[in-house]
Each structure stands twice: as C-alpha cells, then as structure tokens.
Amino acid sequence: MVVQSLCCGDESGAVTVRMKRDREVLRSLFLVAVVVMALLPIWGMAAAEQQHHQRGGGGEKKLRFGTDGQFKILQVADMHYADGKTTPCLDVLPSQFPTCSDLNTTAFVLRMIEAEKPNLIVFTGDNIFGFDATNGAKSLNEAYAPAIASNIPWAAVLGNHDQESDLSREGVMKHIVGLKNTLAQVNPLDQDDIDGFGNYNLEVAGVEGSGFENKSVLNLYFLDSGDYSTVPSIGGYGWIKPSQQYWFEQTSAKLQKAYISKPLPQKAPAPGLAYFHIPLPEFASFDSSNFTGVRQEGISSASVNSGFFTTMVAAGDVKAVFTGHDHLNDFCGELTGINLCYAGGFGYHAYGKAGWDRRARVVVANLEKTQKGGWGAVKSIKTWKRLDDEHLTAFDGQVLWSKSSVGIRRKPVGGN
C-alpha cells in the first residue's frame, strides 16, 4: 500500500512514510548516543579489571534470596556482539537498518536490567560472534559492559561462535572469569579431566536471618554444550560429554545430601535450574498443543543423543533447562517433570526475523512463608519474557514448578 501511494503521487502518504522513517532514525541516533556515553568509562574499567584466574571475578560472593522472598534471573541468549557501533544489525525492518548496530543490543541489556532489577544475569552462549569480532577480548568487554556496570552478579556459558575470533575456547572462558562481578568459572577446581570450558554450579542460599540462610535452596548448573562435533564420523553440533554428566551427577548428589541433612532436614531435593547453549534433542518432543511460546525453526541439537536429559531426570532435582542457539524459538515445554525452555534471540547482529522483536527470558523463584511468618524453602518457579519494544512488553507468563502441585500442568498466566 505504501508503494502504491508513492507511485501514484499520494504526497500525504509519502510524507507519512518519511515522518515515520525520520522518527525511527532520530530515536536510534539518540539511543546510540546514550549508550556510548554510559559505557565509555565501563569499557575502560572492564579492560583494567581483567585478571586470569580459575574462580570468577566476583570472588566468593554468596548468592541468596532477598528479604522479599524472591530470586530473579535474567537470561540473555545469543547477543552475537562483534565490533560495537560499526557492526550492522541483521533481519530488522528497513527503517532500522541505517542506525542499528551492536549498541542496540547493549541498550536492550540496559533496559532489561533497569526494568527487572535481577539478582543474577545469565548469558547463555554466542555472547560474541567471533567471525566478525576484530578483537575478541575487546568484544567480550563491551558485550558484558552493562552487567559489569550494574554491579549485579552475572554468569556465562559458551556457545558455538564465541571462540571464532582470536581467542581459543579456553581463552574466551579465562577472559570472562577475570571480569568484574562475574561468578563464572573455567571449570570446577577438582575436575582436571572434565570436557569443555565453563562447567560449574552456583548455590543460592535462603534469606539472611532465616533458618535457611546457610542452606542452598536453589541450585544452578552451568555446562558447556560444545561447539561442533570433534568425532570425524559424526557431523553437526557438539554435546554434553560423559565427563560433564558425571560431574553433574556428583554435584547434584552432594547438594541433595546437604539439603536433606541437619539443620532443617528437608524431605525432597532443592530445585535446580540448568543453563547451556545448544538445545537437547528432547526439545523436539513438543508441538503447539503442549508448549508455551513459538517454534519457528527446527531444533538444532547435536546429531547424537548423549543422554544428558535422562541423567537429569534420574538426578531428580532439575526443574527447568534454559538454552539459546535457535533464535526464532522461544517456547517452554514440560517433559518428564523438566521444563525445556528457549529464551529467544536477544542480539541485533544475530539472525532473526524482521518485525519479530528481540526478546529476553526472566525466571523468578519464590519462597514459601513458614508458620512463624519467616521465609522457608522455594515454593514456586515462574517465568515470562519481555520484548525489546516501546513498552518492554511482558508476555507468556507461566508457572514452571510448584512445590505444592508437582506434576500438574499449569495454565499459562499473563505477564509476571
């Protein structure tokens, strides 16, 4: 209709189109200016803070639930950050192309942090797009700059593109753990022969002053799902190896033993959440009748099933898995007691779909009230997503797990 108006001399239509385009350009220019001004000191600080060590740059900082009885996690999937303002956007509307860059991704991270005020930020791989990153370390510093500036603890795992610049896969993870406020680890200190880089766990303690202040009431597992197969006879993407699964089994068992032991012994394990990049083959088990969200492309899992889903089911504590990799999928579906969730594409230099807004996933765990009015164990885990639109629209709210209704499929609820 716009083309017809322009062809046929409809000047009012042409003016309307130009006005909309100009407003979009001005908005983008203003956005870029704000981001650059906000991050100039942070970029320098990130480089200055770089220290290569096994533990994360956040040291031994303890994660715990706040006095409101909540712990909120922001998941950022597939930023595909490269060289900042000189890196163009992919798959955006024509009006966005002239001024769209990596800085739009940075602005979205900043908006999400301001809107949600999470307790932890998790970056689930392809955080930089190595092929287009001139300097891997600089790109990593800039990609994580909003998290560093926020002083909010953050964690990261690797995808299949992070190492394609001038840093090896190990080099990328070592650089990450040296940045300020990160809780990421290269690997567990006692696991010298584990496959990959970025396998670790984080414990979230109960509210300070409560009976659970020294117990981990929520356990977070981070794993390296690899990049590409290293077995000549097997093509495609990588997978979670037996050594990683063994570490997960041992860690889960240790955490469960501590949780059911004194003080305040519990009858069931504390809930766990797992974060990694490449989806498991089991993500293909759903259709539109049994998931919340959308599936707009195939499930790009490894061509072999390494059995990690079965390992998690057997462990019994993981309630949800969160991945990225397939940017046009953002669904959550429950299978054998575990929710399998995509975040949806976040970054503007990543492939997407013009007119389909970039998005992020939020997860919040809520504690139960004790009979004496204090805070107890985790009662429920909920999730929703937000769009990078004018209003940061929240949608697809759903209960992933509830202590009182284990196994009952919940009807999706709106917003958060």
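Predicted model: local features only at pLDDT ≥ 70, side-chain atom pairs only at ≥ 80, totals over all residues.

Visitor: Where in the chain do Cys89 and Cys100 lie, and how many residues apart are they?

Guide: Cys89 is buried, with a relative accessible area of 3%, and Cys100 counts as buried at 6%. Both cysteines sit in the loop between strand S2 (70–76) and helix H3 (102–116).

Visitor: What pattern do the disulfides of the chain follow?

Guide: A search of the whole structure finds two disulfides. Besides the link of Cys89 and Cys100, Cys332 is joined to Cys341, with an S to S distance of 2.0 Å. That link of Cys332 and Cys341 is right-handed, with 120° about the S-S bond. Counting bonded cysteines along the chain, the pattern is 1-2, 3-4.

Visitor: In what order do the six strands of the open sheet stand?

Guide: S4 and S14 are at the edges, each with a single partner strand, so one side of each has no neighbour in the sheet. The pairing is mixed, and the order is S4-S3-S2-S12-S13-S14.

Visitor: Why is strand S13 called largely enclosed by the rest of the structure?

Guide: A residue is buried when its relative accessible area is under 20%. Strand S13 covers residues 375–387. It is largely enclosed because the buried residues number 11 of the 13.

Visitor: Which residue takes a positive phi near 45° in the hairpin of S13 and S14?

Guide: The hairpin of S12 and S13 has five residues between the strands, and there Gly373 takes a positive phi near 90°. The hairpin of S13 and S14 has six residues between the strands. Its residue with a positive phi near 45° is Leu392.

Visitor: How is the aromatic pair of Tyr144 and Trp154 arranged?

Guide: The structure holds 18 aromatic pairs. For Tyr144 and Trp154, the distance is 4.5 Å centre to centre, with 25° between the planes. Planes under 30 degrees apart count as stacked, so this pair is stacked.

Visitor: What is the angle between the ring planes of Tyr200 and Phe222?

Guide: The ring centres of Tyr200 and Phe222 are 4.7 Å apart, and the pair is stacked. Tyr200 lies in strand S5 (residues 200–205) and Phe222 in strand S6 (residues 216–222). Tyr200 is buried at 1% relative accessible area, and Phe222 is buried at 0%. The angle between their planes is 15°.

Visitor: Which residue lies over the face of Tyr348?

Guide: Two rings can be named here with a charged residue over the face. Over Trp239 lies Lys241, at 5.0 Å from the ring centre. Over Tyr348, at 4.9 Å from the ring centre, lies Arg358.

How values were computed: Residues numbered from 1 in each chain as written. Heavy atoms only, no water. Buried < 20%, exposed > 50% of the residue type's maximum accessible area, 1.4 Å probe, protein only. Helix = DSSP H or I, 4+ residues; strand = E, 2+ residues; numbered from the N terminus. Pairing = 2+ DSSP bridges. Phe/Tyr/Trp six-rings, centres within 6.5 Å; stacked < 30°, edge-to-face > 60°. Lys NZ or Arg CZ within 6 Å of the ring centre and 35° of its normal. Disulfide = S-S within 2.5 Å.
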